[in-house]
Amino acid sequence: MLFRSELKAFLVRNPHSFVHVEDAKLKDKDGKPVRWSIEWGAAGQLAQQGVRTGTLKVGDKVVVTGSPGRNPEDYRLRMRSITRPSDGWKWPVGNQTFN
């Protein structure tokens with residue numbers, strides 16, 4: 001899945017960090033944009049790869065790719081990549097991975 005969205009939250013923690021984005025095209029039953037929870041690596045893993053709490057900020061425009069969770073109604077993904085087009089920042093860099 002691919003999202004071009006505004007970042008709503010960036011939570012750096014263990015065992016997994018999370019990015020939250022809203023899908024403006026998809027609405028819930030109340031007509032509000034659906035918020036996706038995108039699972040990322042642990043705080044220590046991300047820090048080793050140069051990603052810290054200040055790396056992403058609420059309001060950043062990001063492009064995220066990820067693998068969907070098993071239950072589509074949960075609106076969850078596992079992070080594959082994230083890019084901030086405004087300055088070209090991206091993850092992963094090189095062959096970084098959490099496998």
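Which residues does Arg84 touch, not counting residues up to four places away in sequence? I looked this up and found Thr55, Leu56, Asp60, Lys61 and Trp89. Contact here means heavy atoms within 4.5 Å.

Before going on, I noted the ground rules. This is a predicted model, in which local features need pLDDT of at least 70 and side-chain atom pairs count only at pLDDT 80 or more, while totals for chains, interfaces and linings use all residues. Residues are numbered from 1 along each chain as its sequence is written, and side-chain values use heavy atoms, with hydrogens and water left out.

**Entry: Arg84**

I placed Arg84 in strand β5, residues 76–84. Strands are DSSP runs of E, at least two residues long, numbered from the N terminus. Arg84 is buried, with a relative accessible area of 10%; buried means under 20%, exposed over 50%, and partly exposed in between, with a 1.4 Å probe and protein chains only. The side chain of Arg84 reaches the backbone oxygen of Thr55 at 2.7 Å.

**Entry: Ser5 and Arg4**

I found both Ser5 and Arg4 in strand β1. Ser5 counts as buried because its relative accessibility is 8%. I then checked Arg4, which is exposed at a relative accessible area of 67%. Leaving out residues up to four places away in sequence, Ser5 touches Val21, Glu22, Asp60, Lys61 and Val62, and Arg4 touches Val62 and Val63. The Ser5 side chain also reaches the backbone oxygen of Glu22, at 3.3 Å. From Arg4 to Val21 I read 17 residues in sequence and 8.9 Å in space, C-alpha to C-alpha.

**Entry: the second largest pocket**

Which residues line the second largest pocket? I listed Leu2, Phe3, Arg4, Ser5, Glu22, Asp23, Ala24 and Lys25. The elements that give two or more residues to this lining are β1 (2–11) and β2 (18–27). A pocket is an open set of points on a 1 Å grid where a 1.4 Å probe fits, with protein on both sides within 12 Å along at least five of seven lines; lining residues have an atom within 4 Å of a point. By class, I noted 3 nonpolar, 1 polar and 4 charged residues in the lining.

**Entry: the largest nonpolar core**

Of its 19 residues, Val19, Val21, Trp40, Leu56, Met79 and Ile82 touch the most other members. Two or more residues each come from β1, β2, β3 (33–39), β4 (61–68), β5 and β6 (89–91).

Key:
Helices (H or I, at least four residues) and strands (E, at least two) are DSSP runs, numbered from the N terminus. Ala, Val, Leu, Ile, Met, Phe, Trp, Tyr, Cys and Pro count as nonpolar, Asp, Glu, Lys and Arg as charged, and the others, Gly among them, as polar. A polar contact is a pair of N or O atoms within 3.5 Å; within protein, one must be able to donate a hydrogen and the other to accept it, and residues adjacent in sequence count only if both atoms are side-chain atoms. A nonpolar core is a set of buried Ala, Val, Leu, Ile, Met, Phe, Trp, Tyr and Cys residues joined through side-chain atoms within 4.5 Å.
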